[in-house]
Amino acid sequence: MILGFEHSVAVSVTVKAVGVGYLLGFLYSFFMLLNSLWNKYSLSVFFRDVLFFCVSAVMCFLFILKYNAGIFRFYIFAGLLMGFLIFYIFPGNIMGKYFRKYGERLKSRGRRIRSSAESFIKKKAKQRTEKIKKKREKASAKTKMKEKTKKRNSRFGTKNRIKYKNKEKTHKKISLLNKKTEKNL
């Protein structure tokens, strides 16, 4: 009876491992979709592959930890491999054909979206730089005016300027009086 129980547990764990392997196959096809959309020879492919293997390792570790108390057995490995191959051969193959067939369409749409987004961002950046330039020009004009007034104030001084204006007023008054007296004479 004990042997029968152990075999049934092993079979149920193997069947669950097939399911996890199937999920890993689906995850792999998703990563293949990402690879088909971007450059196949770029560094991002390497990082996506590393990410896939890290995620699948964590999934396998958690599965083994939960269903077999962390003990790795051959039938678990066989179940994972069998589930992955079942997905990869049947639906994965169909999905791969679909990705190859419609990948170029998705790429062209992605390029159009990316180019329109880039042009929008460039346009906004250009507008922003123009605003910043205008603000800087205004600020520089204000500082130039302040510098001119400082120079004028330092040359004449506030009190001297007032005296100078008063002298001008008195000179005008004197000249007007002289003109009036000349007329009267």
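Select Tyr28, Phe30, Phe31, Phe52, Phe53, Phe84 and Tyr88: ring pairs link these residues into a cluster. Rings of Phe, Tyr and Trp (its six-membered ring) pair if their centres lie within 6.5 Å; planes under 30 degrees apart count as stacked, over 60 as edge-to-face and the rest as tilted. The model is predicted: local features need pLDDT of at least 70 and side-chain atom pairs count only at pLDDT 80 or more, while totals for chains, interfaces and linings use all residues. Residues are numbered from 1 along each chain as its sequence is written, and side-chain values use heavy atoms, with hydrogens and water left out.

**The whole chain**

Next, display the chain as a cartoon. It has 5 helices and 0 strands, in the pattern α-α-α-α-α along the sequence. Helices (H or I, at least four residues) and strands (E, at least two) are DSSP runs, numbered from the N terminus. Of the 185 residues in the chain, 18% are buried. Buried means under 20% relative accessible area, exposed over 50%, and partly exposed in between (1.4 Å probe, protein chains only).

A search of the whole structure finds 12 aromatic pairs. Select Tyr22 and Phe87, whose ring centres are 5.0 Å apart and whose planes stand at 90°, so this pair is edge-to-face. Tyr22 belongs to helix H1 (residues 2–37) and Phe87 to helix H3, so the pair ties together parts that are 65 residues apart in sequence. Tyr22 is partly exposed at 35% relative accessibility, whereas Phe87 is buried at 3%.

**The second largest pocket**

Which residues line the second largest pocket? Select Leu24, Tyr28, Phe52, Phe53, Ser56, Cys60, Phe77, Leu80, Leu81 and Phe84 to display the lining. The pocket holds about 210 Å³ of space. H1, helix H2 (43–67) and H3 are the elements that give two or more residues to this lining. On a 1 Å grid over the protein atoms alone, a pocket is an open set of points where a 1.4 Å probe fits, with protein on both sides within 12 Å along at least five of seven lines; lining residues have an atom within 4 Å of a point. A volume is the space filled by probe spheres set on the points, which are joined across faces, edges and corners.

Now centre the view on Ser56, which lies in helix H2. Ser56 is buried, with a relative accessible area of 10%. The C-alpha atoms of Ser56 and Tyr28 are separated by 9.1 Å, although these residues are 28 apart along the chain.

**The nonpolar patch**

Switch to a surface view and select Tyr22, Phe72, Phe74, Phe77, Leu81, Met82, Leu85, Ile86, Ile89 and Phe90, which make a nonpolar surface patch of about 1000 Å². Such a patch is made of residues with over 30% relative accessible area and no salt bridge, with nonpolar side chains (Val, Leu, Ile, Met, Phe, Trp, Tyr) joined within 5 Å. A salt bridge is a side-chain nitrogen of Lys or Arg within 4 Å of a carboxyl oxygen of Asp or Glu. Helix H3 (residues 74–89) supplies the largest share of the patch, 7 residues. Phe77 lies in this helix and is partly exposed, at 41%.

**Two last stops**

Finally, select Ala69 in the loop between H2 and H3. Its phi is near 55°, a positive value in a residue other than glycine, and Ala69 is exposed at 63%.

Definitions and conventions
Patch = residues over 30% accessible without salt bridge, like charges linked within 9 Å, V, L, I, M, F, W, Y side chains within 5 Å. Areas by Shrake-Rupley, 256 points an atom, 1.4 Å probe, with all protein chains shown as cover.
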